[in-house]
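These are my notes from looking through one structure. I took the helices, then the cavities, then a single loop residue.

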Amino acid sequence: MPIYWNDSLNFIRKITPRRAWNFARVLLSYYLTRFLRRPVQWGLPVTVSVEPTTACNLRCPECPSGLRAFSRDTGNMKEDFFRRTVDELHRDLFYLYFYFQGEPYINPKFLDMVRYAHEKRIFTITSTNGHFLNSENARRTVESGLDRLIISVDGTTQETYEQYRVEGKLEAVLQGARNVVAWKKKLGARHPHIVFQFLVVRPNEHQIPEIFRLAKEIGVDEVKLKTAQVYDYEHGNPLIPTIDRFARYRQQADGSWTVKNALANHCWKLWHSCVITWDGLVVPCCFDKDALHRLGDLKKTSFRQLWHSPAYDTFRSNILRGRDQIDICTNCTEGCTVWA
């Protein structure tokens, strides 16, 4: 696995004694939970994902936002709500991820929120489909203090790219990446660390070598190969790669397909992270795309109360009793990024 020194040092500079102590408490409580087989939670989240918006300009086939198939409302996170949440969490938080569903740049206040988190010395990350990185937004992205920018590039030709990124324009994405690289140089900035994320599916798996060449040519810092979650996999799916190491699923003797990973009855995510939806709901993780497992509402209670609430303890207990009984866990694969 390559080491990216600028990105790593940037993160290390933001570690404080309080954040390190919180991480130690969370880690210890997680392993004590596994030993005792009952939930223990001493700290606050190490990482939080916030959802700037549920809106998206693309129609990707395995994404509720792209399919316009949400059972919840579409909207943008309000800046004042975001600031209140960050004010409560920032002293203990290592990472703030600006994504869940939707395209973050659609929220007109997105980069203002990034700047606010940056001022609180939180390591900030976002993931984008890259279509909104015109020169102005590229400049504002660099100036916002964003630490890591993940750009989804799931093909190296338009024909391949649009098979998954439906209605997307590859050249617009590549030009967006060039814009950010150019503004980093012009402003003498070391961040954001720019990542090309390549979601490996059957139509694009032959282009894996080409994405590395393209990233180097543009000046992108890193390429990550990500395995794809598909919803209808039991009878096979044309998106499942033929290259086994990039597939989350395997075919069984009877011809049906199953998730590769065994569902162990514990989950690190439930101890160190959570997701906050655009309208203030807290859900366990990124697999709860429709926010069906609502563990609290930050418009009605503080995060600390919510994190240590009976609802959260009950969900953690259910994880310990059997993840195979929880719908969002049955298609969950830890370690979904393949390090190249």
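Predicted model: local features only at pLDDT ≥ 70, side-chain atom pairs only at ≥ 80, totals over all residues.

Entry 1, helix α12. I then asked which residues of α12 are buried. They are Tyr312, Phe315, Arg316, Ser317, Ile319 and Leu320. Among the elements that cover these buried residues are α2 (17–36), α10, β9 (273–276), β10 (281–283) and α11 (303–307).

I counted 20 residues in α2, and the distance from its first C-alpha to its last is 28 Å, close to the expected 28 Å at 1.5 Å a residue. I listed Arg19, Asn22, Val26, Ser29, Tyr30 and Thr33 as its buried residues. These cover an arc of only 105 degrees around the axis, so they sit on the same side of α2. What do the buried residues of α2 pack against? I found α10 and α12 there. On the face turned away from the buried side, I noted the exposed residues Pro17, Trp21, Leu28 and Phe35. I also looked at the residue just after α2, which is Arg37, and its phi is positive, at about 65 degrees.

I looked up residues 5–12, which form α1, and found Asp7, Asn10 and Phe11 buried. Seen down the axis of α1, the buried residues fall within an arc of 100 degrees, and therefore line one face of the helix. The cover over them includes four strands that I wrote down: β2 (95–98), β3 (123–128), β4 (148–152) and β5 (193–200).

How many cavities of 30 Å³ or more does the structure hold? I found 2. Phe315 and Ile319 were already in my notes as buried residues of α12.

The residues lining the second largest cavity are Val48, Val50, Phe82, Thr85, Val86, Leu89, His90, Leu93, Leu96, Ile122 and Ile276. Two elements, β1 (47–50) and α4 (79–89), each give two or more of them. Which element gives the most to this lining? I found that α4 does, with 4 residues. By class, the lining of the second largest cavity has 9 nonpolar residues, 2 polar and no charged.

I ended with Ser256, which I located in the loop between β7 (249–251) and β8 (257–259). Leaving out residues up to four places away in sequence, I noted that Ser256 touches Glu234, Arg250 and Gln251. I also checked Ser256 against Asp244: they are 12 residues apart in sequence, and their C-alpha atoms are 16 Å apart in space.

Notes. Residues numbered from 1 in each chain as written. Heavy atoms only, no water. 1 Å grid on protein atoms, 1.4 Å probe; cavity = no way out; pocket = protein on both sides within 12 Å on 5 of 7 lines; lining within 4 Å. Points joined across faces, edges and corners; volume = space filled by probe spheres on them. Nonpolar A, V, L, I, M, F, W, Y, C, P; charged D, E, K, R; others polar. Buried < 20%, exposed > 50% of the residue type's maximum accessible area, 1.4 Å probe, protein only. Contact = heavy atoms within 4.5 Å. Arc of directions from axis to C-beta. Expected span 1.5 Å × (residues − 1).
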